[in-house]
Amino acid sequence: MAVQERILSEIKGRMREDIVLLETKLANHNKQIFVLQFPVGEFDMIVFDSEADSCKIFEI
């Protein structure tokens, strides 16, 4: 039962991240929104504004 709960929790967390990423992309057509992955981790969402030449990094 504990394994099942852990799996469901992980799936729900990934789905939430994907929904936030998609909704942010839909609301910000003029910005680049993406996930940045490293061998030991990731940034859940990066919002790059080319006009301001800046990035915002988010942990979801």
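Biologist: Which residues make the nonpolar surface patch of about 490 Å²?

Modeller: In this predicted model, the patch is formed by V3, I7, I11, M15 and I19. To be part of a patch, a residue needs over 30% relative accessible area.

Biologist: Where does M15 lie, and is M15 buried or exposed, or partly exposed?

Modeller: The residue M15 belongs to helix α1, which covers residues 2–27. Buried means under 20% relative accessible area and exposed means over 50%, with partly exposed in between. M15 has a relative accessible area of 47%, so M15 counts as partly exposed.

Biologist: How many helices and strands does the protein chain have, and in which order do the elements run?

Modeller: The chain contains one helix and three strands. Read from the N terminus, the order is α-β-β-β.

Biologist: Why is the chain described as more spread out than a compact globule?

Modeller: One compares the radius of gyration with the value from the globule rule. Here the radius of gyration is 14 Å, well over the 10 Å that the rule gives for 60 residues, and therefore the chain is more spread out than a compact globule. The C-alpha atoms fill a box of roughly 50 × 25 × 10 Å along the principal axes.

Biologist: What share of the residues is buried, and what can be said of the accessible surface?

Modeller: Of the 60 residues in the protein chain, 13% are buried. The accessible surface is about 5,000 Å², and carbon and sulfur atoms account for 58% of that surface.

Biologist: Among contacts between residues at least 6 apart in sequence, what share joins residues at least 24 apart?

Modeller: In the protein chain, that share is 11%.

Conventions: Residues numbered from 1 in each chain as written. Predicted model: local features only at pLDDT ≥ 70, side-chain atom pairs only at ≥ 80, totals over all residues. Heavy atoms only, no water. Patch = residues over 30% accessible without salt bridge, like charges linked within 9 Å, V, L, I, M, F, W, Y side chains within 5 Å. Areas by Shrake-Rupley, 256 points an atom, 1.4 Å probe, with all protein chains shown as cover. Salt bridge = Lys/Arg side-chain N within 4 Å of Asp/Glu carboxyl O. Helix = DSSP H or I, 4+ residues; strand = E, 2+ residues; numbered from the N terminus. Buried < 20%, exposed > 50% of the residue type's maximum accessible area, 1.4 Å probe, protein only. Rg over C-alpha atoms; globule rule 2.2 N^0.38 Å. Contact = heavy atoms within 4.5 Å.
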